[in-house]
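Welcome, and do keep the viewer open while you read. This briefing walks through confidence, a helix pair, a pocket and some backbone details.

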Amino acid sequence: MKRNHLLLIFLGICLTVSGYSQKCPEIRPDHPRIFFNSDTWPSIKERAYAENKEYLDKLLDWVDGLPDNPVAGNLEMPEIKDRSIPIVSITEYGTESAASALAWLFTGEKKYLEKAKKMLKVSVDAYTTATNNRRPVHWYSHTRINAFCAYDWLYNDLTPEERREIIIPLIEHVEMVQPEYGLDIPRTNKGSINTGFYGMKTMFWYSGLAGYGDGIYDSMAKKHLEKGYDLCTKLMKFRNTNAGDDGGLSTAVPTYAAINYSYAHFNYMFSHLSSTGKDISKDYPAIPLYANWLWWVWIRDKEKPDYLRYAGFGDAQHNTNIASSDLIYEHMAQMLYFYKDMDPDTAGMIAAMRDFTHNHTIGGKVYPILPFLVDTDKHADPKYLDILNNSTLKARHFETLGQIYMRSGFTPDATYCSFTAGATLVQHKHYDENNFTIYKHDPLALDSGCRAKQTDHNLVYYYSQSVAHNVVLIHKPGEPHPKYWGLKRKDHDTVKNYGGMVKDSGSKVLAFETNDMFTYVASDATSCYGDKCTESVRQFVFLYPDYVIVYDRVGASDPSYRKEWLLHTQNEPVMKKNLMMADSRDGRLFCQTLLPKDAKMRLVGGEGKEFLVGDTNY
């Protein structure tokens, strides 16, 4: 199998991982110790009044606008009609208390200290009340991690009584929301290390750091610290291993991996450094390859070239296929903090990806401390932006993510293709092995459907199923409907599989070759169809810049099982015999069927039939 190496700059990264010790490291005894400590704070404060003054002013303006007498809300037990439907988060001030604590430490103005205390105490009471009522606080743990930060940063300005009334219920909250505690709180994020790791288990490490060794709740804090250290170490090892020599995180869905997933490992790296004095980044040398994955995912959009346009994969919203790139600058800045000294070219490429986005600021709304930790005034060497814009590389195979990205160039006029096959990481993945997409000025052959609201049935019965993708269907009568998360119909047990796959992974990439003339992929998805399929092999050839050949060999275990070859277009195509044409904005797609000679072609879609499965529009 021939492989196309990424960019020369990434080849210098050593992928050897040092040994892992599950023994919890020694934690410094004083506070603060989460994200910064008494040794690092002076330089952080000095920079806040110098090169980071803009961020300091924004922080103070934000805190000044927060209520002086905060009130929590939405704490009552929710009415639960279906566990797949989101529940409104409670109103609390964990993040705001952290921002206010920073304002106090930066300025020494007592009004900020009092505001931080009030917000923290209101939030702690809210967490306790909500949990007692079996109401989820939030799907993410960000605000509660910030609450632990606020306690840690305010520790030296709290009385012994205040410390007890804050840290004990905070630690107990972390204990009570875990699934094993048995409260069975609905819509609680139970995700572990193979996910985005921004749910309930993420809080162990910060609970332990905040309360460890202070003589208040030592036994439980120590338990949480050890549990958190074990989980975070496994998380880092998992992400480093799965990045391989390509990059990426725990999912191939850009709206997850480019937004919230990075916080888990960067937060841990920062807090490990501040609490132990050890920089662990060099133990995980594949983490920076995330920038490589991001570069290959990126489609240059004509109107918004510095926004993250992507092909459309898995549980992403398909409204525009343009993801917010606001946090990309933030994540790349964090990457540079830890890896800028690994290799000059690697750092140059990370900085280029950071500066490539439309947003050149660190928001700090998720974690208010971030703008003051990283370098905010250094810009990429223009030569690395030129490398990105003028690269002659045409394709890259991300084995663990099961994605092959292809393009004729890296410009708004280029043709971009993607191919799905062979994933070992299946977070938020659909029944879409051997699916392909084509983009030219706009999506032409696309993943159809939309995640929409979790209060409708599109997610389960259309969007996640094979029928929504450019794959082959094999119709076996009476076959059970494949499982997927989301709202189920009342008559769910009567709904049958509409010819789709029964497994969301398991295909094998038989060949991948790329050169300056074409990219070729062959993949066997036979096992994904279960016992109704004897063969499903797809060969995909992308002849630069604008030609694609798709050749399928499909066999059914029963010759009577009808087979369909799907191609989804954004607008209604014009059809004439075995030739069709579909336009979308400035793009145009032609599709000519060569074999079989007696193929019957039909159009499905339009008003009232947007997400048609058999006779049902979802």
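Helices here are DSSP runs of H or I with at least four residues, and they are numbered from the N terminus. The model is predicted. Its mean pLDDT is 92, and 96% of the residues reach 70 or more.

**Confidence**
- Please treat residues 1-21 with care, as pLDDT stays under 50 there.
- For this stretch, the model has 58 contacts beyond four places in sequence.

**Helix 4 against helix 6**
- Helix 4 spans residues 110-132 and helix 6 spans residues 160-176; their axes come within 10 Å and cross at roughly 35°.
- The crossing of helix 4 with helix 6 is left-handed.
- From helix 4, the residues in contact are Lys117, Leu120, Lys121, Val124, Tyr127, Thr128, Thr131 and Asn132.
- Their partners in helix 6 are Glu162, Glu165, Ile166, Pro169, Leu170, His173 and Met176.
- By class, the residues of this contact comprise seven nonpolar, four polar and four charged.

**The second largest pocket**
- The lining is made up of 18 nonpolar, 20 polar and eight charged residues.

**Backbone details to check**
- As background, most peptide bonds are trans, and most residues other than glycine have a negative phi.
- His31 and Pro32 are joined by a cis peptide bond with omega of about -5°; Pro32 sits in the segment before helix 1 (41-48).
- A cis bond also runs from Leu595 to Pro596, where omega is near -5°.
- Pro596 belongs to the loop between strand 16 (587-592) and strand 17 (612-613).

Technical notes. Residues are numbered from 1 along each chain as its sequence is written. This is a predicted model: local features need pLDDT of at least 70, side-chain atom pairs count only at pLDDT 80 or more; totals for chains, interfaces and linings use all residues. Side-chain values use heavy atoms; hydrogens and water are left out. Axes are lines fitted to C-alpha atoms, for helices over the stretch in contact, and angles run from 0 to 180 degrees between N-to-C directions. Helices (H or I, at least four residues) and strands (E, at least two) are DSSP runs, numbered from the N terminus. A crossing is left-handed if the near helix is turned anticlockwise from the far one by less than a right angle, and right-handed if clockwise. Contact means heavy atoms within 4.5 Å. Ala, Val, Leu, Ile, Met, Phe, Trp, Tyr, Cys and Pro count as nonpolar, Asp, Glu, Lys and Arg as charged, and the others, Gly among them, as polar. pLDDT is the predictor's confidence in each residue, from 0 to 100.
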